[in-house]
Amino acid sequence: VQVCSIQTLLARKQRPVADLLLADECHHLVSDEWSVMHSDYPESKLIGFTATPERGDGRGLGSIFQRIVVGVRVRELVDLGYLSPCEIRRPASILRPGTIAQRPVDAYQKHAPGRRAICFSPSVQSAEQHAKDFNEAGIVAKVITGDTDPAERSLYLDAFRNGDVRVL
């Protein structure tokens, strides 16, 4: 058994002998960069693992894999209490990269006024802008990032739990 990351194999241009390949994040195997890994092992069996079987660029996995096995469905995880139930809202069509369908504060006011909410942002800068928009609208919001001081993080989470902060 040899455990290798695809990035290391690509960088080192090494291909150890393998009868069986287990590929995590296998949806990347159809990307321009990773596709060479599949072609470099034409006789090997391949089992792929991913939580993202549908790629954003529309490239399918059918050229590499013969079937998909779904281990557990989101509904099952919600019913078992492992995931929170959620309602998903999305635009009617795909947007250009880097654009958003609606300002988070506007979406919140339309779909979840008064409720606690978590707003995921693509960057710290955008998270800070979203929090500013919420706060200017009278909705108390705080930003938590990987660099947030643990004591401050704890305060924000407690305030969120007790309703003093509406949006994180």
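In this predicted model, Phe65 touches Cys26, Leu29, Leu46, Ile47 and Gly48, when residues up to four places away in sequence are not counted. Phe65 also belongs to the largest nonpolar core, a set of 13 residues in which Ile6, Leu29, Met37 and Phe65 are those with the most contacts inside it. The largest share of this core, 3 residues, is supplied by helix 1, which covers residues 6–12. In soluble globular proteins, nonpolar side chains tend to be buried together.

Ile47 is placed in strand 2 and counts as partly exposed because its relative accessibility is 40%, a value between the limits of 20% for buried and 50% for exposed. Together with Leu20, Leu22 and Phe49, Ile47 forms a nonpolar patch on the surface, whose accessible area amounts to about 390 Å². Strand 1 (20–24) and strand 2 (45–49) each contribute at least two residues to the nonpolar patch.

Turning to the aromatic rings, the structure holds 1 aromatic pair, formed by Tyr108 and Phe134 in an edge-to-face arrangement, with 5.6 Å centre to centre and 80 degrees between the planes. Because Tyr108 lies in helix 4 (residues 104–111) and Phe134 in helix 5 (residues 124–136), the pair ties together parts that are 26 residues apart in sequence.

Conventions:
Residues numbered from 1 in each chain as written. Predicted model: local features only at pLDDT ≥ 70, side-chain atom pairs only at ≥ 80, totals over all residues. Heavy atoms only, no water. Patch = residues over 30% accessible without salt bridge, like charges linked within 9 Å, V, L, I, M, F, W, Y side chains within 5 Å. Areas by Shrake-Rupley, 256 points an atom, 1.4 Å probe, with all protein chains shown as cover. Salt bridge = Lys/Arg side-chain N within 4 Å of Asp/Glu carboxyl O. Helix = DSSP H or I, 4+ residues; strand = E, 2+ residues; numbered from the N terminus. Buried < 20%, exposed > 50% of the residue type's maximum accessible area, 1.4 Å probe, protein only. Core = buried A, V, L, I, M, F, W, Y, C linked by side-chain atoms within 4.5 Å. Contact = heavy atoms within 4.5 Å. Phe/Tyr/Trp six-rings, centres within 6.5 Å; stacked < 30°, edge-to-face > 60°.
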